[in-house]
Amino acid sequence: RFIWHILNFLFKALENHLYSGYIKEQLKDESFDTAVIYSDRTAEIAVKAINAKKFLMFYHHGAMRKEYHDRYGYKKSEKVIAVSDNIAQELKEFRKKYANKIVVVNNVIDIDSIIEKSKEDIIEDGLFPENKFNIVSCGRLSPVKGLNFAVEAIAKLIREGHTDINWYI
């Protein structure tokens, strides 16, 4: 097991080196004022490959596990941007050394526009029949979005006899 861990570490280091070298070659004449990187295991690759005056790290999910937090990226980033106060607080506890770099920039959501659109009449061509219970899910099909729970909930509703459901994903 020890030898496997050593080999795994060496192969990952080699892979990161080759990949950052490839990106650097593709961008050899490019220089940027600011590069936005994402907090995960590719942050080090990005920082080594991109010629930028400063780096900003963007963090938007709540998985506080080592594989999502590349210390090299944190070290090189001027700021670490969290999308909520809660995420920022978790990051500050998880990466105490970089707490002074962590700032909050909330996801941009135009609440007024969403409220106005919710008032629009969208029943056209039978898409959302008034005699059905219509559900709309928006988001990427990714386990972190929990769509599997929605599938289970819809199945439970149908088992309980609520078959007048239209679900749009």
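Which residues touch the most other members of the largest nonpolar core? I looked this up in a predicted model, where local features need pLDDT of at least 70, side-chain atom pairs count only at pLDDT 80 or more, and totals for chains, interfaces and linings use all residues. Residues are numbered from 1 along each chain as its sequence is written, and side-chain values use heavy atoms, leaving out hydrogens and water.

**Entry 1: the core.** I took a nonpolar core as a set of buried Ala, Val, Leu, Ile, Met, Phe, Trp, Tyr and Cys residues joined through side-chain atoms within 4.5 Å. Buried means under 20% relative accessible area, exposed over 50%, and partly exposed in between (1.4 Å probe, protein chains only). The largest core has 17 residues, and Ile-37, Phe-55, Met-57, Tyr-74, Val-80 and Leu-91 touch the most other members. I found that β1, α2 (43–49), β2, β3 (77–82) and α4 each give at least two residues to this core. Strand β2 supplies the largest share, 4 residues. Helices (H or I, at least four residues) and strands (E, at least two) are DSSP runs, numbered from the N terminus.

**Entry 2: aromatic pairs.** Rings of Phe, Tyr and Trp (its six-membered ring) pair if their centres lie within 6.5 Å; planes under 30 degrees apart are stacked, over 60 edge-to-face, and the rest tilted. My search of the whole structure gave 2 pairs. Tyr-38 and Phe-58 are edge-to-face, 5.5 Å centre to centre with 80° between the planes. Tyr-38 sits in β1 (residues 32–38) and Phe-58 in β2 (residues 52–59), so this pair ties together parts 20 residues apart in sequence. Tyr-38 is partly exposed at 46%, and Phe-58 is partly exposed at 21%. Tyr-74 and Tyr-98 form a tilted pair, 5.5 Å centre to centre with 35° between the planes. Both Tyr-74 and Tyr-98 are buried.
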